[in-house]
Amino acid sequence: MSLVVKQLVAGYGERTIIHGIDLEVEQGEVVAVLGTNGVGKSTLLRTLAGLQPATSGQIRFEGRDITRTRAHRRVQQGLVLVPEGQQSFPAMSVFENLELGARVRAKSATDTTDRIAAVIDLFPRLGERRNQAAGTLSGGERQMLAIARAMLTEPSVLMLDEPSQGLAPIIIDQLAETINEIARTTTILVVEQNLTIPSICASRIVVIEEGAISLGGSPDAVLSDDRVVHAYLGI
Ligand SMILES: Nc1ncnc2c1ncn2[C@@H]1O[C@H](COP(=O)(O)OP(=O)(O)OP(=O)(O)O)[C@@H](O)[C@H]1O
């Protein structure tokens, strides 16, 4: 099992947002966590990434208890988050942003140049834009750059926080294809409030409501559940 989350509780000050989540992600799976605005999806991923502390519960990654492991160590161990909002260094070129991403895992067996070449294969558009300032990329290209930078750290589990946010439907479809390509080698945990990526990419979907998992199963089962149809398609 790649990632095992047991009775995870997390929040801000007195306010508990995640109320005892149990979640297991097996190697090779693409697990989508579906939830509407403000249910705690980002809080869950940020807690798994170590960017905020767990109040209680346990996070195990590849057999190790990482509940109290610092964020940068989790990245070095292969648990990597692409946060919401596609952050990159706007004044630096696409290539310079990729070089910075590659340095995070300095002790990688693969040479920086080879790793950059491999991600450019995955995202050819970034190769075409290599000298362009990251701040001038389109929303879809910025999301690709953020994912490409994460891939340079050679994650074994890649966590994506609402990658489709703010993107046009056709770009979301392209992104979904890229996620499927990445999933051939990398385990993925993706949170979304939009059904497109979960329906195209997920091997399993769990639904989070008010900081707890309310439903889970195969994409066919979850996406045809009346509660999901009602909450996400409004019918
Ligand atoms: N730094 C913070 N301090 C206090 N409260 C916060 C903080 N970050 C988020 N919250 C609150 O925690 C709740 C869950 O937020 P979170 O961002 O995890 O939800 P989400 O499911 O990712 O939402 P969205 O889909 O809108 O991004 C919200 O009510 C939010 O206002």
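Predicted model: local features only at pLDDT ≥ 70, side-chain atom pairs only at ≥ 80, totals over all residues.

Residues are numbered from 1 along each chain as its sequence is written.

The protein holds ten helices and ten strands, which are DSSP runs numbered from the N terminus (helices H or I, at least four residues; strands E, at least two). Its C-alpha trace spans about 45 × 40 × 30 Å along the principal axes. The radius of gyration, taken over C-alpha atoms, is compared with a globule rule of 2.2 Å times the number of residues to the power 0.38; because a compact globule of 235 residues would have a value near 18 Å, the 17 Å of the protein agrees with it.

Within strand β7 (residues 157-161) lies Leu160, which counts as buried because it has 28 C-beta neighbours inside 10 Å, the cut-off being 20 or more other C-beta atoms within 10 Å, with C-beta atoms placed from the backbone. Leaving aside neighbours within four places in sequence, Leu160 is in contact with Val82, Ile188 and Val190, where contact means C-beta atoms, placed from the backbone, within 7 Å. Although Leu160 and Ile188 are 28 residues apart along the chain, their C-alpha atoms are separated by 7.6 Å.

Around the ligand are Tyr12, Ile17, Gly35, Asn37, Gly38, Val39, Gly40, Lys41, Ser42, Thr43 and Gln193, a residue being near a molecule if its C-beta atom, placed from the backbone, lies within 6 Å of it. Helix α1 (residues 41-49) gives the largest share of this shell, three residues.

How values were computed: Buried ≥ 20, exposed ≤ 12 C-beta atoms within 10 Å, placed from the backbone. Contact = placed C-beta atoms within 7 Å.
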